[in-house]
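Subject: Structure handover

Hello,

Here is the structure I promised to pass on. Please open it first, then read my notes below.

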Amino acid sequence: MIGDSPAGGSADRSPASLVLSGVRSGYGDLPILHGVSLEVAPGEIVSVIGPNGAGKSTLLKTLFGLLALRGGTMTFGADDLGPTSAGARAKLRMAYVPQEGSTFPELTVYDNLAVSLLHEPARTQHRRISEMLESFPALAELRRARAGTLSGGERQMLAIASAMISEPRFLALDEPTTGLAPSIVQARIADIVAVREQGTSVLWVIEESPMLCLPHVDRVYVMNSGVLGPSQPAEEMLDEELLQATFFGIDHHRE
């Protein structure tokens, strides 16, 4: 997980917009993103949806410097993200929860939270961990359990808490509800809404449970084959026929 707090740094919580323009990237000789443009304003929850293999995870990996930017620009406030390293995002208070590998399975819940604060003074570590366990009571009960023994929903909760403990201004989530039971999905959605209420902007990649997730989103971008369409209000995407066309290619108007 990317989002460790900068050593000795104070938490810059000033608002900043994320702006991507004409972004291109891929793997080796294989281009995946073809001129992607999007914006997340301060305090927004913006979602990227689309079918499996559309390029959604590639988008987040490129945004966080895990894949090279091959064209276009990426800015967060006044900062140009293009030439910076993956670790530089942490200094800008940007955090990322990938779809997999977002916790350390051999460490306890408490130690997973502490990893994000290694460069902070002991007093700050104790305060932030206490605050996070208060915000996530289920984790407080599991604080001595190894992350590898947790359920899928519990691991996702820990991943979100581990990102939020660094007090980010911006949080990117890659399919945090995939594979979870509907009741657990609702709990993780509540966690994400609480993140925004703390003043953090959110870019949320959704592949499963769009009908449950989208009511809590401000704007939606649809991605297909590495191309991102213009954003639209989330309530417009809640039309069932439009979602079926987006995810499953079902056209109800075809004769």
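Two strands count as paired if DSSP finds at least two bridges between them. Helices (H or I, at least four residues) and strands (E, at least two) are DSSP runs, numbered from the N terminus.

The model is predicted, so local features need pLDDT of at least 70, side-chain atom pairs count only at pLDDT 80 or more, and totals for chains, interfaces and linings use all residues. Residues are numbered from 1 along each chain as its sequence is written, and side-chain values use heavy atoms, with hydrogens and water left out.

The open sheet

Strand S4 (residues 71-76) and S5 run antiparallel and are joined by 2 bridges. Phenylalanine 76 has aspartate 79, in S5, as its bridge partner. These strands belong to an open sheet of 4 strands, in the order S2-S1-S4-S5, with antiparallel pairing. Strand S2 (30-40) and strand S5 (79-80) are the edges, and each pairs on one side only. Helix H1 (residues 56-63) packs on this sheet. H1 touches strand S1 (18-27), S2 and S4. Its direction makes about 110 degrees with that of S1. Such angles run from 0 to 180 degrees between N-to-C directions, and axes are lines fitted to C-alpha atoms, for helices over the stretch in contact.

How many of the residues of strand S7 (residues 170-174) are buried? The count is 5 of the 5, so S7 is largely enclosed by the rest of the structure. Buried means under 20% relative accessible area, exposed over 50%, and partly exposed in between (1.4 Å probe, protein chains only). In a regular strand the side chains alternate between the two faces of the sheet. Here Phe170, Ala172 and Asp174 point one way from S7, and Leu171 and Leu173 point the other way.

S7 pairs with strand S6 (residues 94-97) in the parallel sense, over 4 bridges. Methionine 94 stands opposite phenylalanine 170. S7 also runs parallel to strand S8 (residues 201-206), with 5 bridges between them. There, phenylalanine 170 stands opposite serine 201. S7, helix H7 (residues 182-197) and S8 make a right-handed β-α-β unit. Right-handed means that, with the strands pointing away from the viewer, the path from the first strand over the helix to the second runs clockwise.

Serine 201, in strand S8, is buried, with a relative accessible area of 2%. Its contacts (heavy atoms within 4.5 Å), leaving aside neighbours within four places in sequence, include Val40, Pro42, Arg169 and Leu171. The backbone oxygen of alanine 41 lies 3.3 Å from a polar atom of the side chain of serine 201.

Glutamine 156 sits in helix H6 (residues 152-164). Glutamine 156 is buried too, with a relative accessible area of 9%. Beyond its neighbours within four places in sequence, glutamine 156 is in contact with Val97, Gln99, Glu175, Pro176, Leu180 and Arg188.

The cores

A nonpolar core is a set of buried Ala, Val, Leu, Ile, Met, Phe, Trp, Tyr and Cys residues joined through side-chain atoms within 4.5 Å. The largest has 42 residues. Leu139, Leu171 and Leu173 are among those with the most contacts inside it. H6 supplies the largest share of this core, 7 residues. Another core, of 29 residues, lies apart from it, and its members include Phe76, Leu81, Phe170 and Leu203.

Best wishes

Definitions and conventions: A polar contact is a pair of N or O atoms within 3.5 Å; within protein, one must be able to donate a hydrogen and the other to accept it, and residues adjacent in sequence count only if both atoms are side-chain atoms.
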